[in-house]
Amino acid sequence: MLTPTGAVCATHPDVAAVATCARCGGFLCGDCTELAGETPSCAPCVAVLRQEARPSRVIPVALALNVVGLASLPCSLYILALPTLVAGLVGVVLGMRELRRIARGEGAERGRTLARVTVVLGWVDLGLAAGWAAFVLEAAWSSR
Ligand SMILES: [Zn+2]
Ligand SMILES: [Zn+2]
């Protein structure tokens, strides 16, 4: 995003340009500069980028994994709730990554709710699994 000296905004010919659109290369003044994530863009390009953005495909998978992790908790208790722990970790990490992508304008806005649910469920899985692991270890420790 180099600032061209002497260039004027494409929409406001009497205002000096402060940036160029990263997508179409049009000159932008301060008022016209929209941020698509970190890069300056014009309003039409931001709209197009938002529409083109797709919800991450890993989120439904991570969500499903967390539901399975939660449902399988009673069965996985014997092995320190490890499957639930892993599912929770995956949910939190992938969900947060998707939320960051959406905040940067790279992810689709409509994927936000699903990503949030994935993170929350991930924390629930993590908490339950960690709680159980602590309980088991504590019991094993004090039974010595
Ligand atoms: Zn543009
Ligand atoms: Zn302008």
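A crossing is left-handed if the near helix is turned anticlockwise from the far one by less than a right angle, and right-handed if clockwise. Helices (H or I, at least four residues) and strands (E, at least two) are DSSP runs, numbered from the N terminus. The views show a predicted model, in which local features need pLDDT of at least 70, side-chain atom pairs count only at pLDDT 80 or more, and totals for chains, interfaces and linings use all residues. Residues are numbered from 1 along each chain as its sequence is written, and chains are lettered from A and ligands numbered from 1 in the order in which they are written.

**View 1. Helix 2 against helix 5.** Helix 2 passes helix 5 (residues 112–142) in a left-handed crossing. The two pack at an angle of about 30°, with their axes 9 Å apart; axes are lines fitted to C-alpha atoms, for helices over the stretch in contact, and angles run from 0 to 180 degrees between N-to-C directions. Helix 2 is therefore roughly parallel to helix 5 (angles under 35 degrees count as roughly parallel, over 145 as roughly antiparallel, 65 to 115 as roughly perpendicular and the rest as oblique). On the helix 2 side, I59, A62, L63, N66, G69 and L70 meet L114, A115, V117, T118, L121, G122, V124 and D125 of helix 5. Two residues are in contact if their C-beta atoms, placed from the backbone, lie within 7 Å. By class, this contact has nine nonpolar, four polar and one charged residues; Ala, Val, Leu, Ile, Met, Phe, Trp, Tyr, Cys and Pro count as nonpolar, Asp, Glu, Lys and Arg as charged, and the others, Gly among them, as polar.

View 2. L121 counts as buried because it has 22 C-beta neighbours inside 10 Å. A residue is buried if 20 or more other C-beta atoms lie within 10 Å of its own, exposed if 12 or fewer, and partly exposed in between, with C-beta atoms placed from the backbone. Not counting residues up to four places away in sequence, L121 touches L63, N66, L70 and G91. The C-alpha atoms of L121 and L63 are 7.7 Å apart, although 58 residues separate the two along the chain.

**View 3. Helix 2 against helix 4.** Helix 2 (residues 58–71) and helix 4 (residues 82–103) pack at about 150°, and their axes are 8 Å apart. Helix 2 is therefore roughly antiparallel to helix 4. The crossing of helix 2 with helix 4 is left-handed. Residues of helix 2 in the contact include V58, L65 and V68, and those of helix 4 include P83, G91 and E98. The contact residues divide into eleven nonpolar, six polar and one charged.

**View 4. Helix 4 against helix 5.** The axes of helix 4 and helix 5 come within 7 Å and cross at roughly 150°. The two helices are therefore roughly antiparallel to each other. Helix 4 passes helix 5 in a left-handed crossing. Their contact comprises 16 nonpolar, six polar and four charged residues.

**View 5. The loop at A53.** A53 lies between helix 1 (43–52) and helix 2. With 18 C-beta neighbours inside 10 Å, A53 counts as partly exposed. Leaving aside neighbours within four places in sequence, A53 is in contact with E106, G107 and A108. R110 is 57 residues from A53 along the chain, and their C-alpha atoms are separated by 9.6 Å.
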